[in-house]
Amino acid sequence: MKPALVLAAALALSSAATAAPAASAGTLPPDPLDRFRHQKLAWQPCQDPQLTAAGAQCTTLTVPLDYRTPQDGRTLALAVSRIRTADPAMRRGILLTNPGGPGTRGLDLPVALHAQLAPATVAGYDLIGLDPRGVGASGGLNCGLNRSTWLRSVGADLSGFDQAWQLAKADADACWNKYPALLPQLTTRNTARDLDVLRAALGEQRASFFGQSYGALLGAVYAQLYPQRVDRLVLDSAPDPERYGSGAFLQDMGAANERALDDFAAWAAPRNGTYGLGASPAAVRATVESLVRRARTAPIAVDGFHLDGALLPVLLTFCQGDDRDSADYAGILRQLLDAADGKPVQASPALHELLTTLLAPGPDAGADLAATMGYLCDDAAAPRLQQWYRTAVQNSLSTQPVFGPVYSGPTPCASWRSNPTEAFVRVRNAVPALQIQSTGDTHAPYQGAVALHGRLTGSRLVTVPGRVHTVLLNGYSACAQQAVDAYLSEGTLPEADTTC
């Protein structure tokens with residue numbers, strides 16, 4: 001429930017480059033990526049105060065817009081940050097990072113890692129942050145979107161389906177009308193290529209990598225494409241690349257959120273005297289389902305906002321991502337129930353933040369949504385027929401009455417104007433890796449991480465009982481933290497898969 005830090009966005013396209021000299025007879029032609037791999041990086045003070053306070057430096061990395069034609073001169077400028085080790089004698093190399101998304105800004109991730117990891121671990125690495133292509137200071141999209149998410153419930157009776165479809169299509173069209181050349185190049189495969197150009201430009205033969213959420217998926221893709229370039233690989237809360245896309249991938253989240261609601265209901269029932277949500281888990285669930293129906297009939301007026309049944313279930317997904325927030329979740333439900341009953345309600349800071357995020361997002365939220373759309377829709381083709389989504393919602397209702405109409409509904413990818421330029425990377429390799437994953441993750445369900453683990457035959461899986469997404473930086477498990485520190489600092493993977 002913490003607001004994300006945001007950075008200013010700017011797009012940079014450079015002019016055509018000088019053509020490479022012709023190769024002499026009997027020699028291989030020059031690699032068109034050499035000029036990118038051997039570019040000189042000009043480090044300077046960062047503009048972000050948080051990065052400056054952490055002692056970070058920033059630079060710009062030039063990469064091809066389209067790796068299939070890198071010689072055509074079209075390039076992008078990517079924003080990079082670095083916190084250098086304070087003890088060069090302890091330095092092992094670089095730790096590339098990605099915070100997730102897709103479409104999340106990553107310049108400030110080294111600051112969080114520097115604070116979270118053990119000092120001996122931090123001493124071994126220059127921590128490297130990056131706003132991926134099309135994100136934040138690396139050409140952040142400005143499509144004029146005024147929403148923070150395309151997710152919305154279409155309702156159990158599909159009454160909100162047409163509006164959801166039109167809104168999602170309008171978002172897709174707004175970006176395509178402005179960025180027809182850039183959008184097809186916002187892919188995970190290209191971001192992995194960008195990471196390898198960055199590794200080379202930093203003068204490193206190999207790189208370690210930390211990624212969480214979608215960033216863990218990116219790390220798995222990088223290891224598949226460049227296995228010889230990987231040193232130590234940490235994947236926190238990884239989704240399954242085989243399920244990645246706006247169809248099955250999102251539907252997995254619907255089932256995970258229903259399980260989280262049941263888990264919360266079991267917590268809240270013994271506390272009925274405090275929150276009045278129901279004396280049994282079934283009663284708590286019935287209270288939540290009734291509140292969603294009421295909001296669809298009459299939006300709930302609270303804190304100057306009107307929360308309807310399309311966005312109330314989305315707000316609930318934000319509440320139940322971390323089981324340590326159960327008291328806040330219960331308090332938010334109590335406030336919404338009282339407001340629905342017409343009682344005066346003073347919104348808590350947590351509820352105010354969620355309402356603002358959903359109903360009054362700033363321009364940065366719209367920019368980040370545009371980047372998320374770009375990656376998700378360009379990586380994997382989505383079903384294009386309305387009936388596919390209508391059927392998916394109807395099929396979900398028996399087991400996902402609250403969240404099926406959210407995660408099985410239409411997405412902007414259904415109205416995307418192109419198919420992926422390249423197939424999504426199939427991840428199957430033996431690169432050593434450390435996976436950490438909670439059993440109740442609502443964004444990257446545990447079964448997906450297990451499936452990925454089976455295809456990463458050199459990996460070890462550290463299972464964390466509980467419900468949280470992104471284990472390490474949330475400080476959720478000392479056991480998982482110790483495993484990460486041991487691996488990054490000593491190169492020691494657990495002898496076998498383990499449960500904390």
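Lys and Arg count here as positive and Asp and Glu as negative, while His and the chain ends are not counted; the place of a charge is taken as NZ of Lys, CZ of Arg, CG of Asp or CD of Glu. With that settled, the protein chain carries 40 positive and 44 negative side chains, and the centres of the two sets lie 4 Å apart. You are looking at a predicted model, in which local features need pLDDT of at least 70 and side-chain atom pairs count only at pLDDT 80 or more, whereas totals for chains, interfaces and linings use all residues. Residues are numbered from 1 along each chain as its sequence is written, and side-chain values use heavy atoms, with hydrogens and water left out.

Let us start with the overall build. The secondary structure comes to 18 helices and 12 strands; these are DSSP runs numbered from the N terminus, helices being H or I with at least four residues and strands being E with at least two. The radius of gyration of the protein chain is 23 Å, close to the 23 Å that the globule rule gives for 500 residues, so the chain is as compact as a globular protein of that length. That radius is taken over C-alpha atoms, and the globule rule is 2.2 Å times the number of residues to the power 0.38. Along its principal axes, the C-alpha trace spans about 80 × 50 × 40 Å.

Next, the inside and the surface. Buried residues make up 57% of the 500 residues in the chain, where buried means under 20% relative accessible area, exposed over 50%, and partly exposed in between (1.4 Å probe, protein chains only). The chain exposes about 19,700 Å², and carbon and sulfur atoms supply 53% of that area; accessible areas come from the Shrake-Rupley method with a 1.4 Å probe, and for residues only the protein chains shown count as cover.

Now for the cysteines. A disulfide is a covalent bond between the sulfur atoms of two cysteines. Taking a disulfide as a pair of cysteine sulfur atoms within 2.5 Å, the count comes to 4. Counting bonded cysteines along the chain, the pattern is 1-2, 3-4, 5-6, 7-8.

One of these disulfides joins Cys46 to Cys58, S to S 2.1 Å. This pair links distant parts of the chain, 12 residues apart: Cys46 sits in the loop between β1 (44-45) and α2 (49-53), and Cys58 in strand β2 (residues 57-64). Both Cys46 and Cys58 are buried. The torsion about their S-S bond is about 100°, so this disulfide is right-handed.

Another disulfide joins Cys143 to Cys175, again with S to S 2.1 Å. Cys143 lies in the loop between β5 (125-130) and α5 (161-178) and Cys175 in helix α5, so the pair ties together parts that are 32 residues apart in sequence. The torsion about the S-S bond of Cys143 and Cys175 is about 110°, so this disulfide is right-handed. Cys143 counts as buried at 12% relative accessibility, and Cys175 counts as buried at 0%.

Cys479 and Cys500 also form a disulfide, their sulfur atoms 2.1 Å apart. Cys479 is in helix α18 (residues 478-490) and Cys500 in the segment after β12 (498-499), 21 residues apart. Here the torsion about the S-S bond is about -75°, so the disulfide is left-handed. Cys479 counts as partly exposed at 32% relative accessibility, and Cys500 counts as partly exposed at 31%.

Some backbone details deserve a look too. Most residues other than glycine have a negative phi, and most peptide bonds are trans. Gly101 and Pro102, however, are joined by a cis peptide bond with omega about 0°, and Pro102 lies in the loop between β4 and α3 (109-116). Leu158, in the loop between β5 and α5, has a positive phi near 65° and is buried, with a relative accessible area of 12%. Thr470, in the loop between β11 (459-464) and α18, has a positive phi near 70° and counts as buried at 10% relative accessibility.

Finally, visit Asn98, which lies in strand β4 (residues 93-98) and is buried, with a relative accessible area of 2%. Leaving aside neighbours within four places in sequence, Asn98 is in contact with residues including Leu109, Pro132, Phe209 and Tyr214.

Methods
Contact means heavy atoms within 4.5 Å.
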